[in-house]
Amino acid sequence: MRTLTYVVGATIDGFIAGPAGEVDFFPVTDDVVAALVADYPETLPAHVRAALGVDPANQRFDTCVMGRGTYEVGLRDGIGNPYPHLRQYVLSRTLPRDTDPGVDIRADDPVALVRELKRESGLGIVLIGGGALARTLREEIDELVVKVYPVAAGSGVALFAGDFAPTRYALTSARPLEGGTVILSYRRP
């Protein structure tokens, strides 16, 4: 069975974006980019890959799911197909299904969709964001990879936005980078 991995950047106080969805305050340094290219290349959108001059093969994932808010960040900049190297699902009740031919817009139940995807053969599934979708899919998340940036935000979009629901994970690795970011990996026990 395939697994769902939530790969996300966060502040040291647990926010994945500012109150209005801002992410430009994250100090994405060269060492973070190098770590992503080496270990999680699928999580780099096509326009970032092009800017870096890299096109690494998929190592861990062949499918991604994301929420409307995450997808719309790129859409506002004219990026309708951010991950052409992956099968892309966007969960939204408001976006038109024909927003981009390379992206499958779904109004379905996200949990049912992920369970269906997990039963298929292939590489893993990556949850690109955001906090509300992560909350909905919490019980389906098998692995959590958090890039903890050396910044505190004070408020914003939480890693798992929503209700109080303690969920245990077991630490599988902690990789500190020179610029102060730490990449933490957890698995559901």
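Strands E1 and E6 run parallel and are joined by three bridges; strands count as paired if DSSP finds at least two bridges between them. Helices (H or I, at least four residues) and strands (E, at least two) are DSSP runs, numbered from the N terminus. This is a predicted model, in which local features need pLDDT of at least 70 and side-chain atom pairs count only at pLDDT 80 or more, while totals for chains, interfaces and linings use all residues. Residues are numbered from 1 along each chain as its sequence is written, and side-chain values use heavy atoms, with hydrogens and water left out.

**Strand E1**

- Seven of the seven residues of E1 are buried, so the strand is largely enclosed by the rest of the structure; buried means under 20% relative accessible area, exposed over 50%, and partly exposed in between (1.4 Å probe, protein chains only).
- In a regular strand the side chains alternate between the two faces of the sheet.
- Leu-4, Tyr-6, Val-8 and Ala-10 point one way from E1, Thr-5, Val-7 and Gly-9 point the other way, and all are buried.

- Val-32, Ala-35 and Leu-36 are the buried residues of H1.
- They cover an arc of only 100° around the axis, which puts them on the same side of H1; the arc is that of the directions from the helix axis to the C-beta atoms.
- The cover over the buried residues of H1 includes E7, E9 and E10 (182-187).
- H4 (residues 110-119) has Pro-110, Val-111, Leu-113, Val-114, Leu-117 and Lys-118 buried.
- Viewed down the axis of H4, these residues fall within an arc of 160°, so they line one face of the helix.
- The buried residues of H4 are covered by elements including E1, E3, E4 (87-91), E5 (103-106), E6 and H5.

**Two buried loop residues**

- Tyr-149 sits in the loop between E7 and E8 and is buried, with a relative accessible area of 4%.
- Tyr-149 and Gly-9 are 140 residues apart along the chain, and their C-alpha atoms are separated by 7.0 Å.
- Leaving aside neighbours within four places in sequence, Tyr-149 is in contact with residues including Gly-9, Phe-26, Pro-27, Val-32 and Thr-181; contact means heavy atoms within 4.5 Å.
- Phe-160 lies in the loop between E8 (157-158) and E9 (170-176) and is buried, with a relative accessible area of 16%.
- Not counting residues up to four places away in sequence, Phe-160 touches residues including Tyr-6, Ala-134, Arg-138 and Tyr-169.

**The largest pocket**

- The largest pocket has a volume of about 1500 Å³.
- A pocket is an open set of points on a 1 Å grid over the protein atoms alone, where a 1.4 Å probe fits, with protein on both sides within 12 Å along at least five of seven lines; lining residues have an atom within 4 Å of a point.
- Grid points are joined across faces, edges and corners, and the volume is the space filled by probe spheres set on the points.
- The lining has 50 residues, and Val-23, Thr-70, Val-73, Tyr-83 and Ile-128 lie nearest the centre of the pocket.
- H3 gives the most to this lining, with seven residues.
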